[in-house]
Amino acid sequence: MVKDYHCSMENIRNFSIIAHIDHGKSTIADRLLEYTGTISEREKREQVLDDMDLEREKGITIKSKAVRLYYHSQDGKEYILNLIDTPGHVDFSYEVSRSLAACEGALLIVDASQGVQAQTAANINLALKSNLKIIPVINKIDLSTANPDRVMQELQNISEIKGEEIILASAKEGIGTSDILEAIVKKIPPPKGSSNLPLRALIFDSIYNPYKGTIVYVKVVDGVIEPGMIIQTMSNDIKYEVAEIGIFRPKMQPIKKLTAGEVGYIIAGFKNIKDTQVGDTIIDASNPAREGLPGYKKVTPLVFCSIYPVDNKEFENLKIALEKLKLNDSSLFSEPETSEALGFGFRCGFLGLLHMEIIQERLEREYSINLIATTPSVMYQVFKKNGEILKISNPVSLPPRNEIEKIEEPYVKVNIITPSKCIGGIMDLVQERRGSFKNMEYIDEKILRLDYHLPLNEIILDFYDKLKSISSGYASLDYEIIGYQPSELAKVDILVNHQLVDALSFIVHKDKAYKRARKIVEKLKEIIPRQMYEVPLQATIESKIIARETIKALKKDVTAKCYGGDITRKRKLLEKQKAGKKRMKKIGKVEIPQEAFLGILKI
Amino acid sequence: MELGLYLHFPYCISKCPYCDFNSYQLEEANQIYSYISALYREITAYSQKLKTGNIKTVYLGGGTPTILSGTQIFNILKFCEDKFTIDKNAEITIEANPGTLDGEKLKLLIESGINRLSLGAQSFNDVFLKKLGRIHNAQDIINSYFLARETGFANINIDIMFALPDQNTEDLQDTLKKAVSLKPDHLSLYNLTIKPGTEYYREYKRGKLNLPTEDEEYDMYNWVIDFLEENGFEHYEIANFARPHKKSMHNLIYWQNKPYLGIGAGAYSYIRGYRYMNYENPVKYIKETMSGKLPKDNGERLSLRKRMIETIILGLRTKDGVGYKKFKKRFGVSLNDIFCRQINKLVNLGLLEKSYVKIKLTRDGIFLANVVFREFVD
């Protein structure tokens, strides 16, 4: 049953679904797909739009998706609804903003028991910035802990949303689905733009497919696009011939053309995903539009770490794997790097911590590469006395202190929404993380919104986890970069058996250097197995020792019993242990297990 | 072909919380009858195949072999004598738990031809015995020991465990001094190892076991070796100590990587370079013997290299180490040619001692035997 018809722009609605994590965005999407017959019962499975295993496991949407629904409205007309799925995490806020730019409206999903969260507020702001009509939906009203009245009040407190606009739903039970669809048709305006103008299509995502090459997700704002057309992007002069265009149902389905207002995909032999950056505008090479669509910017990574294969022989595989991941992820940055301790690897840049975790997990899971990742860092600006300004993300590259005039680090504005009773703990946490208080307002009598300025470095590691634990999971967080500020920073080096392990060096605020160094050597002592001789562990700043520990020499490793059949098991166990040792990194003569590097990340 | 014969008895009165052996609490006497019948069937099946085999040692282990009656044990051994060729000077050992022995039973054991008794004493401290889940107390050990001597056992081993939860060196010294004062012929000293699947393992994971540290364990073991050597015992294998001429001949077969036949549930055999194992579960084992097949579960044919490695790992456990001549005779190649790199490295680390005739562990090497063995495995 292939429906391939174009209706006039009047009957097109482009919308996305925005929600705080776990508020039920993907389940709502599933219900809409089922209700409109876009997927059959047979194809039904949880979170239809989330392809990657990781997405399903973490319950998050990593890449944007777009799917076309055909909806026969109660007004008797047929509508084309384009659902543009967006990532739900702050790391991917640029992708979110581009997806939203392709829409005229958004469903705002709020959990009926959890209520308004930091991302809810951030999402509303984002949607308003993109001039979207917001359709508020309170989801999970079937839960015993649901309190839709409270949540309705919260929504009205933080925004211009009116009570009567809010739809009550339970995606799990299928409640509210038709109300949502009707609201989409009635309240969201049709796309503007004109098929008669020169082509302008907004790229809001792109993926790499091994058979078809780069597939670009677009919304045609003006004009028409058809196979055979010669196109280019606004920021690049390379020209491509359109090989295929189509829509998502949710599988790819080729069609003859996409006209203004429509959402779909383009395949045009793009060599590199970098040539089709999210936010860029596709234009007709023979009749180029004069102006690109607004909002395009190059994404810059915020969080950096080095990634090394545990086994140096895996370097080539790691390189290939990173290249493949980059095909699908233009925000992932990587360049080769050498470490004395770890050999050959890559310095990688990510949008945020979650993005970093996802990439590391995918490398390990999909490409079966055992990794060692160094402590994440931010990009520092180092002003040298000779006037040079360096951008440094790797502690190893920090020049000697006597050459440095000052160092600046990136700061973020953090917006926390929390039950008011947790405020004490949160203030302590922010204080401890060098934060400064900016603003506080009540969302209702029990819920607060706090604004702080903090160094990015202080939130990239475990700030979110700590915040969650202080607030028993209730507080939520959103942040945006506000620029660089000078800081008193120092580089701490770690020496194992008197040998510098460059991969363990880190940059830290002076006031925290001692405490952090202490914790790290203690952790190393716990994790590094005893060796044949005593191993000293030292932390130094500019060769001054600020913390030390000693791993005692191995004294006893012997199995008492070995009779009859024991030898079989015993030999196999020894073989396994030996293989395990081979996977350890050798620093000088010391064998350091992978967990040592991972363990330090948790400090 | 010369070989050792092992007979396994998987039943116990109760299962100890640290034990990961193939042993089960006995639920009803019938289990023993069907198990013995199965042993008979397996022995019969082998008697065809091993007509020419000359059995030099017999070892009845468990579980608790002495959970059987004296007559049952007597009959089993008679049956073995019937079906196999057992050397008339064979060392025949039975493991026994104090508390499962009485004068009558001991007499029948002697009459069965058993000439070596291995007593699972474990400790002479009632508090530790209780924590170990043993069914006997210190007095039971002493009673059983003297009763066995009176009945005529001229070769008695005592098993002791150490590095027990909450145990310190003094506790161990007290136990070992008591053991030595009985003048046993042989002592086996096992440090407690926490094995997955045991009750101790679960407690350990929950952080409930206060085990001695590595350093404390080292001190204990160090003291044990010195003390027993001072008292006339030869430390002839990592965990075993013997008075002159009282080494366990059966266990030496294992450490010399020589052939043995294992009968019973979960028993291992090593014959002509093939090592295999019977079904562990007694019910499954019994069922298999009924079909007339050998109750083999799985086995491994060892390559020449694996045989060499195992011979080294096992040989190094003993004071005699691995002799160049024997090695060459057995494998046709020279030990130093094949394992030159490993041997030199370990000698440099001070863990291995190399003489003109053999390699053996140094005192440090004994404590770090696994480090040495890992060097040799692939």
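Me: Let's start with a word: a residue is buried if 20 or more other C-beta atoms, placed from the backbone, lie within 10 Å of its own, exposed if 12 or fewer do, and partly exposed in between. Which exposed residues does helix α3 of chain B carry on the face turned away from its buried side?

Reply: They are Gly103(B) and Glu104(B). Before we go on, this is a predicted model, in which local features need pLDDT of at least 70, side-chain atom pairs count only at pLDDT 80 or more, and totals for chains, interfaces and linings use all residues. Residues are numbered from 1 along each chain as its sequence is written, while chains are lettered from A and ligands numbered from 1 in the order in which they are written.

Me: What puts the buried residues of α3(B) on the same side?

Reply: In this helix, residues 103–111 of chain B, the buried ones are Lys105(B), Leu106(B) and Leu109(B). They cover an arc of only 100° around the axis, so they share one side of α3(B); the arc is taken over the directions from the helix axis to the C-beta atoms. Their cover includes α2 (70–83), β5 (85–96) and α5 (138–151) of chain B. Just past the helix, Gly113(B) has a positive phi of about 100°.

Me: What makes a run of residues a helix or a strand?

Reply: Both are DSSP runs numbered from the N terminus: a helix is H or I over at least four residues, a strand is E over at least two. By this count, chain B has 16 helices and 17 strands. Of its 378 residues, 44% are buried.

Me: What does Leu495(A) touch, leaving out residues up to four places away in sequence?

Reply: Leu495(A) touches Leu500(A), Gln538(A) and Thr540(A); being in contact takes C-beta atoms, placed from the backbone, within 7 Å.

Me: Which strands run parallel to β4(A)?

Reply: Strand β1 (residues 12–19) of chain A is joined to β4(A) by 5 bridges, and strand β5 (residues 133–139) of chain A by 7. Two strands pair if DSSP finds at least two bridges between them, so both qualify. Ile17(A) is bridged to Leu107(A), and Val110(A) to Ile138(A).

Me: Why do β15 and β16 of chain B count as edges of their sheet?

Reply: The open antiparallel sheet has 3 strands in the order β15-β17-β16 (chain B). β15 (322–323) and β16 (352–354) each have a single partner strand, so one side of each is left without a neighbour in the sheet. β16(B) and β17(B), residues 358–361, pair over 3 bridges. Helix α14 (residues 340–348) of chain B packs on the sheet, touching β16 and β17, and its direction makes about 110° with that of β16(B); such angles run from 0 to 180 degrees between the N-to-C directions of axes fitted to C-alpha atoms, for helices over the stretch in contact.

Me: How many residues does each chain bring to the contact between A and B?

Reply: Chain A brings 20 residues and chain B brings 35. On the chain A side, 8 are nonpolar, 5 polar and 7 charged; Ala, Val, Leu, Ile, Met, Phe, Trp, Tyr, Cys and Pro count as nonpolar, Asp, Glu, Lys and Arg as charged, and the others, Gly among them, as polar.

How values were computed. Two residues are in contact if their C-beta atoms, placed from the backbone, lie within 7 Å.
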